Amino acid sequence: MTFWSTAMLVWVAAGARVGRVLVKPATTARVAIVVAVAAVALGATVAVPEISLAIDNLRPHGLRSGLLSDGIVASAWLAFVTATSVVAAAAWPVVSRRNLRQIATVIYAGGTTAVAIALSWSYSFGWLLVALGAIFIVVTGLRNLDWTTLGRGIAIYTLGTALVGVLAMLQLRRSLAGEPRAPAGEPTWGWQAWEIAALLVAFGAVWIVVELWVRARVLLSRIRSLHRLMVGRFPEVVAHDQTATSTQLRASDQVAQIMDALYLQSGGGVELAAAGTPPAAIPEHADRVARWARNPLGDIVIDARWIAPPEGVSPRGWVQAIARAYESTAGAHSEQTVSR
């Protein structure tokens, strides 16, 4: 069952990458990621014992166990390192956007030739190239690590590729040593590690999509009350032609709507001397704006200077800070209302 689950998850990741290419410009790097993840999905699928057995029995009298299925698995991982090498090549300073397509063509041609040689001559040759390609990818990945959404995705993808490289070298050693293959219909050597590598690569490839979706869901949850309040007061900030269906776009729209409503409530750009200068401390700044947003007719005076995001803070982060302060002042506001 674990074989089928792994193959299904990797195919889902490949589908997600295809969807990203459809909604964004189909650059050389994005297409290469699709090819790489699809190749991993193919390798994970053929590694399923029932499927590999069926492939080896395509001819009426069958083939020697692993004769064809092992070659397809090796070719799939060779296609993976080939396509990923295109992405890795784009990360090097000597490669420009202008000549990336030509370089990608050369890499793909080399990978196709390597697959043909591996299938017709020696699978060991294919595993050797997989190991060498994995080294190049890992070195490139380590050069581009940082603590960002993209950097975290690269780290997971690089970890999976490093595991692929180690397994390819071990597979090469086993082939040269003439160690026997697993019996027909049984899992091949190191299948658990291969599944982990496939899942790491797939997860790293879709990490950006997953993290952005999760962050958008968290943002929508945090600003829900503030958004309901401000849009209820100023429904005109919601454009009738806004048809955003994705979670990320909906979150961006609601942030913009809250900012527009706060701006309108502050007088539309009028500066008031009574408002004073916003403090440098962001929590104190956000707390005052949140209290004013809850009760604009109270003692707190706010103008457009207070609505603008503080220096170094994005509109999304600023709205989140106001929303947190708004929620934290809910209890105090309720107690004041009851006491009155």
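Which helices do the buried residues of α8 pack against? They pack against α1 (2-23), α2 (28-46), α4 (69-90), α6 (123-143), α7 (149-177) and α9. Keep in mind that what you're looking at is a predicted model. Let's start with the whole chain and then zoom in on a few spots.

**The whole chain**

- Look for helices here: the chain has 14 of them and zero strands.
- If you walk along from the N terminus, the elements read α-α-α-α-α-α-α-α-α-α-α-α-α-α.
- The C-alpha trace spans about 90 × 45 × 35 Å along its principal axes.
- How does the radius of gyration of the chain look next to that of a compact globule? The chain has 28 Å, while a compact globule of 340 residues would come out near 20 Å.
- Of the 340 residues, 41% count as buried.
- The chain exposes about 18,000 Å², and 64% of that is supplied by carbon and sulfur atoms.
- Take the contacts between residues at least 6 apart in sequence: 77% of them join residues at least 24 apart.

**Helix α8, the one from the opening question**

- Helix α8 covers residues 191-205, which makes 15 residues.
- From its first C-alpha to its last, α8 reaches 21 Å, close to the 21 Å expected at 1.5 Å a residue.
- Which residues of α8 are buried? They are Trp194, Glu195, Ala197, Ala198, Val201, Ala202, Gly204 and Ala205.
- Among the partners these buried residues pack against are α1, α7 and α9.

- Phe203, Val210, Trp213, Val214 and Val218 make a nonpolar surface patch of about 400 Å².
- Helix α9 (residues 207-233) gives the patch its largest share, four residues.

**Salt bridges**

- Side chains of opposite charge can pair when their charged atoms come close.
- How many salt bridges does the structure hold? There are six salt bridges.
- One of them joins Glu211 and Arg152, with the closest N and O atoms 2.4 Å apart. This pair links distant parts of the chain: Glu211 sits in helix α9 and Arg152 in helix α7, 59 residues apart.
- Glu211 and Arg152 are both buried.
- Glu211 also forms a salt bridge with Arg215, where the closest N and O atoms are 3.6 Å apart.
- Glu211 and Arg215 are separated by about one helical turn, because they are four residues apart in helix α9. An α-helix has 3.6 residues a turn, so residues three or four places apart point the same way.
- Is Glu211 buried or exposed? Glu211 is buried, because its relative accessible area is 12% and the cut-off for buried is under 20%.
- Arg215 counts as partly exposed, with 45% relative accessibility. Salt bridges that share partners join Arg152, Glu211 and Arg215 into one network.
- Another salt bridge brings together the side chains of Glu179 and Arg173, at 3.8 Å from N to O.
- Glu179 is partly exposed at 35% relative accessibility, and Arg173 is partly exposed with a relative accessible area of 48%.

- Ala91 is found in the loop between α4 and α5 (97-120).
- Ala91 is partly exposed, because its relative accessible area of 31% falls between the 20% and 50% cut-offs.
- Which residues is Ala91 in contact with, leaving aside its neighbours within four places in sequence? The contacts are Thr140, Arg143 and Asn144.
- Ala91 and Thr140 are 49 residues apart in sequence, and their C-alpha atoms are 7.3 Å apart in space.
- Gln254 is found in helix α10 (residues 247-265).
- Why does Gln254 count as buried? Its relative accessible area is 15%, and buried means under 20%.
- Not counting residues up to four places away in sequence, Gln254 touches Leu220, Ile223 and His227.

Terms used
Residues numbered from 1 in each chain as written. Predicted model: local features only at pLDDT ≥ 70, side-chain atom pairs only at ≥ 80, totals over all residues. Heavy atoms only, no water. Patch = residues over 30% accessible without salt bridge, like charges linked within 9 Å, V, L, I, M, F, W, Y side chains within 5 Å. Areas by Shrake-Rupley, 256 points an atom, 1.4 Å probe, with all protein chains shown as cover. Salt bridge = Lys/Arg side-chain N within 4 Å of Asp/Glu carboxyl O. Helix = DSSP H or I, 4+ residues; strand = E, 2+ residues; numbered from the N terminus. Expected span 1.5 Å × (residues − 1). Buried < 20%, exposed > 50% of the residue type's maximum accessible area, 1.4 Å probe, protein only. Contact = heavy atoms within 4.5 Å. Rg over C-alpha atoms; globule rule 2.2 N^0.38 Å.
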